[in-house]
Each structure stands twice: as structure tokens, then as C-alpha cells.
Amino acid sequence: MSGSTMLEIGDLHVSYGQVDAVRGVTLKLEHGQIISVIGPNGAGKTTLLAAAMGLLPSKGILKFEGEDLHGLDVEARVERGLCLVPEKRELFGELSVLDNLQLGAYSKRLASAALKRQLQQVYERFPRLAERRSQRADTLSGGERQMLAVGRALMSAPRLLMLDEPSLGLAPLIVRDILAIVRKLRDDGVSILLVEQNARAALESSDHGYVLETGEIALSGPSEQLESDPRVQATYLGGG
Ligand code: ATP
């Protein structure tokens, strides 16, 4: 399926009452790709992901493998293979790592054998989570919490993983680890929509990039090309 369109967003609009947060965004994600959406605070990145997931109503084209997502609620979108890792990670701090992971499988209503298999895969991908399976989530480090948030999302066996600022609040070395995991997921067949304020890390890890400014796509192109674009360098990469 690699190379064909998985997610198609066209002239998408999302508003909060009078505030137009996403204004005519068009983008495309091919199967097997990582695309990044970079842009400043308040550009509409989170809003775009929320609309794709069905957490906010939107107008325009929003299709997953050719199917219009507008008629599908969040649960149905999860069933299709979409999954969102929210910016605040939204873990249950007082619950164990294992409990948090099991909650991720809820919407798929996995049979227990399938759940075990899924859990095993997550532990293989994140040995640190396996070591800490009985530990409370709120005792984990920032990087481990992000791993848990991604691991929990993987419990629903997503085909399109949407990540909202996975680097937020993490030290550069940890960011590198997390993004290496994201690239590995892509190599294993999970397509990725990565939203980041950390433009450098996002462009280094993605195939194609979009720059979102005040709700509109200001620039887009292959990530390497964006990295060397003087406008991107001046505004988002600290002058290169
Ligand atoms: P950040 O990196 O800070 O999360 P962002 O690019 O994800 O920024 P959004 O959070 O999508 O941006 O916000 C886009 C715009 O929509 C901003 O102007 C914001 O103030 C506005 N906005 C976001 N959430 C709401 C809300 N619940 N009600 C009203 N306006 C909102």
C-alpha cells in the first residue's frame, strides 16, 4: 500500500465559535510516510489533529483511505486505524504502567489473547515499560511517560498515528530517542502525522513537512527541502 494516499485533508476549516483556528488547510499523507506539521504556538496544529480524530467538527475534505471521516465518530475512526497521542499525554498517574496500556486497548475491545499479543509487542518495542509495568505512571520520567503515551496508543493497533508535540518538555537526548522510535514505527508500517513546535527535530524525522501559520499552510515540501529553505531557517531553525 506504500505510496498511495492514506489521509487526505482538503480546504479544511475548523472554528471555535467566532475564532477560525484552521482556515483552508490542505495536506496529504501517503501510506508509510511520516509527515510533520510545524508552526508556532496557536497556529492551529492541535486543532487540526482534533478535527482529524473527530473531537471537533470541521468543514472541507477529510478522508481516510478514500472514506469520508465526517460521518464517523471518534470510536469508528479508531476502528479504522486512526489514533491520537495528545499533547498532555493524558495518562492516569495513579494507575500502573500496565493499567494505562490496557486502557489503550479499550476501544478495540480486544479479546484477551489479542490484548496479550498487543501488550507483548508494546513491551518489545519499549523494554523500559516492561521493566516498570507495575510502577505508577506518575513516577515515570518525562521520556518514559511519552513512551507510555505512545505505547498506549499502539494498543489499539493504529495504522495512522497522530502525535501532538511528542518532544514537549523533554531533554534533547530524550527527544532523539522518541523520534527514533517514531521512525521505527514508520519503518514497521505505521504512518505518522507528527505535529511539532520543535521544527528541527520534526523535519529531520519526517518525509514531508507543512508549515502552519495562523491556521493556514504557509509552506510545504519534502522535509529536506524545507530544512534548507531560508524562510524556514530564519523563522523556525534559529537562522540555520
Ligand atoms: P500550541 O502549540 O500552543 O498547542 P497549536 O498550533 O496547537 O498551538 P491550537 O491549540 O490548535 O494551536 O490553537 C489554534 C487557535 O485556536 C488559537 O488561536 C487558540 O487560541 C484557539 N483555540 C484553541 N482552543 C480553543 C478553544 N477551546 N476555544 C477557543 N479558541 C481556541
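How close do the axes of α3 and α6 come, and at roughly what angle do they cross? They come within 7 Å and cross at roughly 35 degrees. This is a predicted model, so local features need pLDDT of at least 70 and side-chain atom pairs count only at pLDDT 80 or more, while totals for chains, interfaces and linings use all residues. Residues are numbered from 1 along each chain as its sequence is written, and side-chain values use heavy atoms, with hydrogens and water left out.

**Reading the terms**
- Helices (H or I, at least four residues) and strands (E, at least two) are DSSP runs numbered from the N terminus.
- Axes are lines fitted to C-alpha atoms, for helices over the stretch in contact, and angles run from 0 to 180 degrees between N-to-C directions.
- A crossing is right-handed if the near helix is turned clockwise from the far one by less than a right angle, and left-handed if anticlockwise.

**α3 with α6**
- This crossing is right-handed.
- Val97, Asn100, Leu101 and Gly104 of α3 touch Leu148, Gly151 and Arg152 of α6 (contact means heavy atoms within 4.5 Å).
- By class, that makes three nonpolar, three polar and one charged (Ala, Val, Leu, Ile, Met, Phe, Trp, Tyr, Cys and Pro count as nonpolar, Asp, Glu, Lys and Arg as charged, and the others, Gly among them, as polar).

**α6 with α7**
- Helix α6 (residues 142-154) and helix α7 (residues 172-187) have axes that come within 10 Å and cross at roughly 15 degrees.
- α6 is therefore roughly parallel to α7 (angles under 35 degrees count as roughly parallel, over 145 as roughly antiparallel, 65 to 115 as roughly perpendicular and the rest as oblique).
- Gly143, Gln146, Met147, Val150 and Leu154 in α6 face Ile174, Ile178, Ile181 and Leu185 in α7.
- That contact has seven nonpolar, two polar and no charged residues.

**α3 with α4**
- Helix α3 (residues 97-104) packs on helix α4 (residues 112-125) at about 120 degrees, axes 11 Å apart.
- The two are therefore oblique to each other.
- α3 brings Leu98, Leu101 and Gln102, and α4 brings Leu115, Leu119, Val122 and Tyr123.

**Around the ligand**
- Asn41, Gly42, Lys45, Thr46 and Thr47 come nearest among the 13 residues around the ligand (near means a heavy atom within 4 Å).
- A side-chain N or O atom of asparagine 41 is 2.3 Å from a ligand oxygen atom.
- A polar backbone atom of alanine 43 sits 3.0 Å from an oxygen atom of the ligand.
- For glutamate 165, a polar side-chain atom lies 3.1 Å from a ligand oxygen atom.

Notes: A polar contact is a pair of N or O atoms within 3.5 Å; within protein, one must be able to donate a hydrogen and the other to accept it, and residues adjacent in sequence count only if both atoms are side-chain atoms.
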